[in-house]
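Thanks for coming, everyone. I'll take this one quickly, so please have the model open while I talk.

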Amino acid sequence: MISGLSRRLLRLVGLGLPIALASPLLLEVLAAGSLPQVQLSAGSIEPRPIEELTGTNVARDYAYAWRDLAQALDHNQADRLDAYFTGFAKDTFTQRISDQKTADVHVLYVDHGHKVKAFFYSPDGGEMQLLDKAQLEIQVYAGGKLIHQENAAQDYLVLMTPGADRWFVRSLEPIAGSSF
Amino acid sequence: MLRLTACLLLLMRLAAFGEVHPPAQVTAGKGFSISTTGSGDASFYLISPGHVAKREVKLGQDIPVDASDVKKAGRYLAIACGSGGCNSAAFYVMAAEPDKVSFFLHPSRVRVKSNDAINATAFVFDQFYNLVLTPVTVDFKVIPKTGPPIDRPIKSNLGVAWMRVASTPKQGPVKVIAEVGKASEPRVIQQVASDACNLRIKATRTAKAVLIETDPLRDCSGNAIPDGTIVSFTEIDGKGKTTVDVPIKKGIARTQLPVNGRAKISVASGVVIGNEISLGGGL
């Protein structure tokens, strides 16, 4: 027995799949659409100015990092952190995922976007510090049951460092809004 | 009667539906208690950026939270799930006192007397490696091989303090230290001679050629240009132009050039051009 909603979904998939296969551009748009929105501003960054390409790459990689973090915390899979996390951030979230498994908890982040302000870029280009005002819907599940749900405007203090081909999140610390 | 029973059941359910009341703010690594309301058994979850803990508790009693459960700074969720459902509250754990400093010094080698050439960046952490967000004074000390040390106290902003300083005139190792309270991180940077200053050559006739050699090569602060630095000698004579690149050995660069007729010989090292000498006779 297929409900009305399921029938509509099947119809959408039926229509969408041939279009997607026929148009690589659309696939790209769909792929881009699955990333969290990140708006980066760097007007008051110091001491080193940020190059346009660097800004684009930082925003892109930060979006990928949040996509991976959300998947890692939802599915309790620490290996999803490998691509865009390093150092303290990776250690911290890996420990959390291990604890989540032990407690039979998983956390779903529905990401509604990030307004990110880069405020420190070291003179040698080795570290960048950012403040992120994130809009998140957080759902905590224990034993498969929803035990907490909230819409949170959460601020994060972020430290990113460059690697060979991308920027890594080295520290991602939720902070009280009054901290900045 | 039925309505009264339903109301009583609802009241009992509400009484069992425990609220959690954590303090608004806690310091990392310090235990505390979360008060609860209601009654009955409940599952208590503490969800932090880097740790998740679950245990069974009694509603209506304080829930002790161990210091080891709040090592990581950030936003925590305390959730209690009893027979009447779940209730939650958020609170923040702030970094403890500054205890460690992570120090980056760039570059590893720098020319003497260069403005803003030494870059130092320090991140201030507590003992649990949480960034200390309150402003803290980081003392940067630059200790050259010779001459007085330079002190630069800089206030941190959201956990980071940085400074730029000129390199000193003398070559050799320079120690740079970042200090926060008892935490001290030393780094060493190597200062090397700058470009050659007063680059001069002289010529001496030998049996088959002309021996060209520089005066001892030094920069404008008197530091010896390191051996291995390339010096280029260029000869222009009737046959055209010849360039010979020679590494400095024992502070001097020298070469032999065959000279036919009149010739002009010049010298350069890096961006510095030295004197030019003219030779009148052939050999």
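Buried here is under 20% relative accessible area, exposed is over 50%, and partly exposed is in between, with a 1.4 Å probe and protein chains only. B:Asn119 sits in strand S11 of chain B. Strands are DSSP E runs of at least two residues, helices are H or I runs of at least four, and both are numbered from the N terminus.

What does B:Asn119 touch, not counting residues up to four places away in sequence? Contact means heavy atoms within 4.5 Å. The list is A:Pro123, B:Phe104, B:Leu105, B:His106, B:Met163 and B:Arg164.

Two housekeeping points. This is a predicted model, where local features need pLDDT of at least 70, side-chain atom pairs count only at pLDDT 80 or more, and totals for chains, interfaces and linings use all residues. Residues are numbered from 1 along each chain as its sequence is written, chains are lettered from A and ligands numbered from 1 in the order in which they are written, and side-chain values use heavy atoms, with hydrogens and water left out.

Now the interface. On chain B, 34 residues are in contact with 34 residues of chain A. About 3,000 Å² is buried between the two chains, and carbon and sulfur atoms give 68% of that. Buried area is the accessible area (1.4 Å probe) that two parts lose on being put together, summed over both.

How many salt bridges cross between chain B and chain A? The rule finds one. It takes a side-chain nitrogen of Lys or Arg within 4 Å of a carboxyl oxygen of Asp or Glu. The partners are A:Glu150 and B:Arg75, with the closest N and O atoms 2.8 Å apart.

Which parts of chain B supply at least two residues each to the side that touches chain A? Strands S4, S5, S7, S8, S9, S11 and S14 do. S7(B) gives the most, with five residues. By class, that side has 20 nonpolar, 10 polar and four charged residues. Nonpolar means Ala, Val, Leu, Ile, Met, Phe, Trp, Tyr, Cys and Pro; charged means Asp, Glu, Lys and Arg; the others, Gly among them, are polar.

Over to chain A. It has four helices and six strands. The order along the sequence is α-α-β-β-α-α-β-β-β-β. Of its 180 residues, 45% are buried.

Look at A:Ala176, in the segment after strand S6 (167–175) of chain A. A:Ala176 is buried, at 12% relative accessible area. Beyond neighbours within four places in sequence, A:Ala176 is in contact with A:Asp155 and B:Tyr92.

A:Asp155 also pairs with A:Lys133 in a salt bridge, at 3.6 Å, N to O. A:Lys133 is in strand S4 and A:Asp155 in strand S5 of chain A, so the pair ties together parts 22 residues apart in sequence. Buried or partly exposed? A:Asp155 is buried at 8%, while A:Lys133 is partly exposed at 45%.

Last stop, chain B. The domain assignment, automatic or from a database, gives domain 1 (2–94), domain 2 (100–192) and domain 3 (201–279). The C-alpha centres of domain 1 and domain 3 lie 82 Å apart.

One more pair: B:Arg254 and B:Glu213 form a salt bridge, with the closest N and O atoms 2.9 Å apart. B:Arg254 lies in strand S23 and B:Glu213 in strand S19 of chain B, so the pair ties together parts 41 residues apart in sequence.
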